[in-house]
Amino acid sequence: MKKTIIATIVALLAACASVVKVEGDQVVNNRMKVTVAEAWNKVSVPGGKQPFDSWTQEGLSLDHLRLWAAVKSGQSLVELASGSTPAGAKARRVPTYRSGMPMDEIVNLFEMVYSADGSVVTLDKVSPGQFAGENGVHFEFSVARKRDGVQLKGVGWASVRNNELFAASFVAPRLAFYPRLLPKAQSVVTTARIL
C-alpha cells in the first residue's frame with residue numbers, strides 16, 4: 001500500500017514537471033555554455049523557478065546535476081518554498097551569494113543548499129580547482145537525506161568572474177548511482193565555459 005501511494009505521488013509530481021532531453025551544446029542562463037556528449041534530462045517545475053538548471057539521468061530523487069551561471073551578489077542559490085518553515089520555528093537561512101566571498105564561504109553556501117530540507121550535510125574534501133575556465137574550488141560532500149534516510153554523495157565546482165558566481169554540483173546515492181553517473185556529470189562540467 002505504501003509503495004502504491006509513493007508511486008502515485010511520484011507520478012503526480014512528474015506530471016507537473018517539464019522534462020526535456022538535452023544534448024550537444026547547451027547554454028545556462030545565457031552566460032555559460034556546456035557540451036553534452038551523452039543526453040541528460042532537463043527538469044523544470046512550473047511556477048518553481050530556481051536560479052539553476054536541474055538535469056538528471058535516472059530521475060531527480062536518484063541523481064541530479066545542477067548548473068548555476070552568473071549568480072549576482074545578493075542572489076540566492078536556491079528558492080525555498082513559501083511556507084517551508086513551520087509556524088514558531090526559526091526561519092531557515094537562505095544561501096545567498098555575496099561579491100567578495102572567500103571560497104570557503106562559497107562552499108558553505110552549498111552546504112546550506114543541500115541541508116535546507118533538514119538533511120545532514122558533511123563536507124568531506126575541499127581543494128583549489130577550476131571551473132568554467134576560471135580558478136576556483138572543488139569540493140566533495142555527503143548528505144544523509146532527511147525524507148528517506150538515503151545516503152548521498154556529492155561533488156561541486158565553483159568559480160567567480162567579474163563578481164558573478166558560476167557553479168555546478170552533482171549528487172546521487174553513494175553506493176550505486178554516484179560511482180556510475182559521476183563520470184557523465186564530470187564530462188559535462190569539464191566543458192563549461194563562460195560566455
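Is Phe52 buried or exposed? In this predicted model, where local features need pLDDT of at least 70, side-chain atom pairs count only at pLDDT 80 or more, and totals for chains, interfaces and linings use all residues, Phe52 has a relative accessible area of 11% and is therefore buried. Buried here means under 20% relative accessible area, exposed means over 50%, and partly exposed lies in between (1.4 Å probe, protein chains only). Residues are numbered from 1 along each chain as its sequence is written, and side-chain values use heavy atoms, with hydrogens and water left out.

The protein chain contains 3 helices and 9 strands; helices (H or I, at least four residues) and strands (E, at least two) are DSSP runs, numbered from the N terminus. Read from the N terminus on, the elements follow the order α-β-β-β-β-α-β-β-β-β-α-β. Of the 195 residues, 40% count as buried. Contact means heavy atoms within 4.5 Å, and among contacts between residues at least 6 apart in sequence, 50% join residues at least 24 apart. The chain exposes about 10,500 Å², with carbon and sulfur atoms supplying 55% of this area; accessible areas come from the Shrake-Rupley method with a 1.4 Å probe, and for residues only the protein chains shown count as cover.

Back to Phe52 and its partner. The structure holds 7 aromatic pairs. Rings of Phe, Tyr and Trp (its six-membered ring) pair if their centres lie within 6.5 Å; planes under 30 degrees apart count as stacked, over 60 as edge-to-face and the rest as tilted. One of the pairs joins Phe52 and Trp68, and this pair is tilted, with 5.1 Å centre to centre and 55° between the planes. The pair links distant parts of the chain: Phe52 sits in the loop between strand 2 and strand 3, while Trp68 belongs to strand 4, 16 residues apart. Trp68 counts as buried because its relative accessibility is 0%. Ring pairs also bring Phe52 and Trp68 into a cluster with Phe110, Tyr114, Phe139 and Phe141.

Phe110 and Tyr114 are buried in helix 2, as are Ile106, Val107, Leu109, Met112 and Val113. The buried residues of helix 2 pack against strand 4, strand 5, strand 6 (134-144), strand 7 and strand 8. Helix 2 (residues 103-115) has 13 residues and reaches 19 Å from its first C-alpha to its last, close to the 18 Å expected at 1.5 Å a residue; the expected span is 1.5 Å times one less than the number of residues.

Helix 3 (residues 177-189) can be checked in the same way. Its 13 residues should span 18 Å, and its end C-alpha atoms are 18 Å apart, so the two values agree. Helix 3 bends by about 30° at Pro183, where the bend is the angle between axes fitted to the seven residues ending there and the seven starting there. Its buried residues include Phe177, Tyr178 and Leu181. Leu182, also found in helix 3, counts as buried because its relative accessibility is 15%. Leaving aside neighbours within four places in sequence, Leu182 is in contact with Val155, Phe170 and Phe177.

Finally, Thr56 is found in strand 3, and with a relative accessible area of 3% Thr56 is buried. Not counting residues up to four places away in sequence, Thr56 touches Trp40, Asn41, Val43 and Asp63.
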